[in-house]
Amino acid sequence: MKPLLTLLSFTFLVASCMNFSSEEEPYVEEFQSYEDAEIYADTPSEATPTNSKRMAQNNTQIVYKNTIDPKTNMVTGRVPLPQSWNFSGPNNEGLFLEGPNGIKVYQMKYQSFMYTQDPYYQQIYAQSGANLRQDLNVQQILQQDIIPSITQQGYSRIRNYPIPQLAKVDEQYFAQLYQVAPSQKSFEVLGAEFNAPDGSKSLLILQKMSSFSQGLLMWGYSGYILDAPASEFESAKEHLINALLNVQHNPQYIAQYNQRERQKSNASWTAHNNRMAANQRSFDATQKAYRESTNAVNDAMMSTWRSQNESSDRMQSQFVDGIWEQKNMTDPNSGNTYKVQEGYNQYWSNGNNEYIGSNDAYYNPNTDTSVNNQNWQQLDATDDGGW
């Protein structure tokens, strides 16, 4: 079956005006919260409660599976999943989880936009390369960015419904993260089910967040796509939604993340204040009041936007790399960056997206008769901006 994620890969840069609307009742399956459970042991728990009536009836064993930050080797959190489900490796780009009988879960790349009603700053941001777009709700995103392309590929919509429980989970998580400036945030989550041309089914969980601060709106969306045979779809859907509802984040890891972001923000504002002082002196000397004040305001707003956007990108990259237990390595000759599986002291690449990992300090694949028909270059650790 052709993954729904592949069909959506080109839709995130364009929008259509297809008239479509469907208001349905929120998703109301019963899920058990693990909020009071003991977490962050050295190994994942192997005996956790079942999480819904249907799961209990099916005798599905749910286990916690830890997520690790490969740079710090620290547990970032854990997710309750069926024991037979596993996180995908780094060689399957976009694939997040795999279960038995053809169950696959993909993670959508985050799409980010910004918008301001001020025509002057619209022009400034557009010239800086910002992706300007008016705010949309999840129904409009589904209508404009998703439905047109997949219906052309033979998919048919079954139903869609809000999932306010997941929106609340997103809100609670982001409330714990450090932010550069006070902002008004909102969250929406929508589930949309589709019949695939081959008889299988797909579920799109669309997660949207918006943040408004200092006259600038930043918003975006991402999500998960479940592809499963029709016979496995309902149970797989329950397992995925339950896992997302009950993700447990390590508070110690969040505290360390917030401390790093606060230090970066303070350094950024110090540099910004120094630039402002220099601009003021230049203003006093040259009497170019209008130009200097305009540049200063714009610099402040762009500095805020860059800081928040970089924080979001780093957070998403860290989460995905932690799930996949991978890290970035760089070819010192070509400058190319590769994602490799964590756990080795040295890595070698042949320049064709293939690598060898080794813990033997004296190993060199160029002298290994089984692989030395290629030129292998040792990779260096990549600087990911402090993560």
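Tutor: The axes of helix H5 (residues 164-174) and helix H6 (residues 230-245) come within 9 Å and cross at roughly 30 degrees, where axes are lines fitted to C-alpha atoms, for helices over the stretch in contact, and angles run from 0 to 180 degrees between N-to-C directions. This is a predicted model, in which local features need pLDDT of at least 70 and side-chain atom pairs count only at pLDDT 80 or more, while totals for chains, interfaces and linings use all residues. Residues are numbered from 1 along each chain as its sequence is written, and side-chain values use heavy atoms, with hydrogens and water left out.

Student: How are H5 and H6 oriented to each other, parallel or antiparallel?
Tutor: Angles under 35 degrees count as roughly parallel, over 145 as roughly antiparallel, 65 to 115 as roughly perpendicular and the rest as oblique. The axes of H5 and H6 cross at roughly 30 degrees, and the two helices are therefore roughly parallel to each other.

Student: Is the crossing of H5 and H6 left-handed or right-handed?
Tutor: A crossing is left-handed if the near helix is turned anticlockwise from the far one by less than a right angle, and right-handed if clockwise. For H5 and H6 the crossing is left-handed.

Student: At which residue does H4 bend?
Tutor: Helices (H or I, at least four residues) and strands (E, at least two) are DSSP runs numbered from the N terminus, and H4 covers residues 138-152. The bend at a residue is the angle between axes fitted to the seven residues ending there and the seven starting there. In H4 this angle is about 45 degrees, with a proline, Pro148, following within four residues, and the bend is at Ile146.

Student: How many of the 15 residues of H4 are buried?
Tutor: Buried means under 20% relative accessible area, exposed over 50% and partly exposed in between, with a 1.4 Å probe and protein chains only. Among the buried residues of H4 are Val138, Leu142, Ile146 and Pro148. H4 is largely enclosed by the rest of the structure, because the number of its residues that are buried is 11 of the 15.

Student: Which residue has a side-chain oxygen that reaches the backbone nitrogen of Gln139 at the start of H4?
Tutor: Gln139 is itself one of the buried residues of H4. The side-chain oxygen comes to within 3.1 Å of that backbone nitrogen, and the residue that supplies it is Asn137.

Student: With which side chain does the side chain of Lys208 make a polar contact?
Tutor: Lys208 lies in strand E8 (residues 201-213), and at 4% relative accessibility it counts as buried. A polar contact is a pair of N or O atoms within 3.5 Å; within protein, one must be able to donate a hydrogen and the other to accept it, and residues adjacent in sequence count only if both atoms are side-chain atoms. At 2.8 Å, the partner of Lys208 is the side chain of Asp135.

Student: Is Asn73 buried or exposed?
Tutor: Asn73 lies in the loop between E1 and strand E2 (74-82), and its phi is near 55 degrees, a positive value in a residue other than glycine. At 64% relative accessibility, Asn73 counts as exposed.

Student: What separates the C-alpha atoms of Thr60 and Ser84?
Tutor: Thr60 is found in the loop between helix H2 (53-57) and strand E1 (62-69), and at 17% relative accessibility it counts as buried. Thr60 and Ser84 are 24 residues apart along the chain, and their C-alpha atoms are separated by 9.4 Å.

Key. Expected span 1.5 Å × (residues − 1).
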